[in-house]
Amino acid sequence: MTGRPGAGDDGAGTAELSDLETRIAKLEEIEAIRRQVVRLNELFDKPYDADGLAGLWTETGYLEACDGQFSGRREIHDFFSDLAASFTLHYAMNGLVDVDPSLQHATGHWYGWETPVVAGSPLIGAFTSRQEYARVAGEWHLAGLWETAHFLCAVDAGWVREAEPRQERSSRLSEK
Amino acid sequence: MDAQRRVQRLEDIENIRRLKALYATHFDDALNGGGDFPPENLLDQFAPDAVWESSSFGRFTGHDGIRGFLEDYRDRVSFCLHYILGHVINVSEDRGTATGRWITWEPMTLDGNAVLLAGHYNDEFQRSGERWLFKSVQLDVAFLVPYDRGWAEQRIMPEWKW
């Protein structure tokens, strides 16, 4: 890092530049992870390109979705291969991305909305997703994804039954 | 604008984007049973004299006023998700204040019925140290209707009362 105007050769100038580079790198990694999340949703909408999706996870990555737990690319690939939707669009919103100072690990939280067609019937779904990312060979991969489904209902039925009221959930928990 | 200020501006925009995403998460977690109620983590995002207002819900000032609104909301809304997108964030030159615009839709279960709300947020922010806080949240409701009735005939359901 030589020849930067105004920085001179003093330690303060170098430290300032280093701090700036670290902050820019963090912003760049947040943007890179956002792009990966867009890619994830694009592959959901192929629909469910199992090869492409499994490749977004690390070799030992983890997925919790649809009441199942899947470890490693093989299990994740098999899970997506079994999904039956003939059409779907996924919307990812409200993204929260936190990058570790090492720039090698990060976490995210997203809101999801989906519009699958299953057995000829249109559905709408709402879910939230907690995600962990790891950088492998310079690329961000999913180390873990935990999906919480809030509802998946027929378009003409609405979500009241599926997004069960708090009161019912509380009473059910208290029965245990 | 020098590099330090340009990076700072990008960080401010990112932090305000986070603040709004956390607003949705804290709000929904508290209503849906996944977080504490009253949601002090949500109220902590507001300046002490902040205002939350909407012509469809009313005007609520300060933490106590907003807490009261959230309590009323919980009494009627058993489920909700705030989807927020279309961020436009402007930070003032002196970094003291900022504004943000968003579009939103919110599926909710209101009084036991599936209801869909859509609208626009026009928010103001103020900086406290290195934290950004809501100075005001304004929600302009575009439609608020029973899900099975839709929004073609009437944008606000005639029986609406808050």
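Q: A polar contact is a pair of N or O atoms within 3.5 Å; within protein, one must be able to donate a hydrogen and the other to accept it, and residues adjacent in sequence count only if both atoms are side-chain atoms. How many residue pairs are in polar contact between chain B and chain A?
A: This is a predicted model, in which local features need pLDDT of at least 70, side-chain atom pairs count only at pLDDT 80 or more, and totals for chains, interfaces and linings use all residues. Residues are numbered from 1 along each chain as its sequence is written, chains are lettered from A and ligands numbered from 1 in the order in which they are written, and side-chain values use heavy atoms, with hydrogens and water left out. With both partners at pLDDT 80 or more, the number of such pairs between chain B and chain A is 14.

Q: Which element of chain B supplies the largest share of the side that touches chain A?
A: Helices (H or I, at least four residues) and strands (E, at least two) are DSSP runs, numbered from the N terminus. On the side of chain B that touches chain A, at least two residues each come from α1 (3-32), β3 (77-80), β4 (83-91), β5 (97-110) and β6 (113-128). The largest share, 16 residues, belongs to α1(B).

Q: How do the residues on that side of chain B divide into nonpolar, polar and charged?
A: Ala, Val, Leu, Ile, Met, Phe, Trp, Tyr, Cys and Pro count as nonpolar, Asp, Glu, Lys and Arg as charged, and the others, Gly among them, as polar. Sorted this way, the side of chain B that touches chain A holds 20 nonpolar, 10 polar and 6 charged residues.

Q: Which residues of chain B lose the most area to chain A?
A: Contact (heavy atoms within 4.5 Å) takes in 36 residues from chain B and 32 residues from chain A. Buried area is the accessible area (1.4 Å probe) that two parts lose on being put together, summed over both; here the two chains bury about 2,800 Å², 61% of it on carbon and sulfur atoms. Together accounting for 22% of what the chain B side buries, the top residues are Gln4(B), Tyr83(B) and Tyr147(B).

Q: How many salt bridges cross the interface of chain B and chain A?
A: A salt bridge is a side-chain nitrogen of Lys or Arg within 4 Å of a carboxyl oxygen of Asp or Glu, and over all chains the count is 22. Arg23(A) forms one with Glu11(B), with the closest N and O atoms 2.7 Å apart, while Glu31(A), Arg34(A), Glu14(B) and Arg17(B) are linked in a network. Across the interface, the number found is 3.

Q: Which side chain joins that of His150(A) in a polar contact of 3.0 Å?
A: His150(A) sits in strand β7 (residues 139-154) of chain A and counts as buried because its relative accessibility is 18%. Leaving out residues up to four places away in sequence, His150(A) touches several residues, including Glu162(A), Phe79(B) and Leu81(B). The partner in the 3.0 Å contact is Thr128(A).

Q: Is Leu123(A) buried or exposed?
A: Leu123(A) belongs to strand β6 (residues 121-136) of chain A. Among the residues it touches, not counting those up to four places away in sequence, are Pro116(A), Val118(A), Leu152(A) and Val155(A). Because its relative accessibility is 17%, Leu123(A) counts as buried.

Q: How many residues apart in sequence are the parts tied together by Glu130(B) and Arg95(B)?
A: The side chains of Glu130(B) and Arg95(B) meet in a salt bridge of 3.1 Å, N to O. Glu130(B) lies in the loop between β6 and β7 of chain B and Arg95(B) in the loop between β4 and β5, so the pair joins parts whose separation in residues is 35.

Technical notes: Buried means under 20% relative accessible area, exposed over 50%, partly exposed in between (1.4 Å probe, protein chains only).
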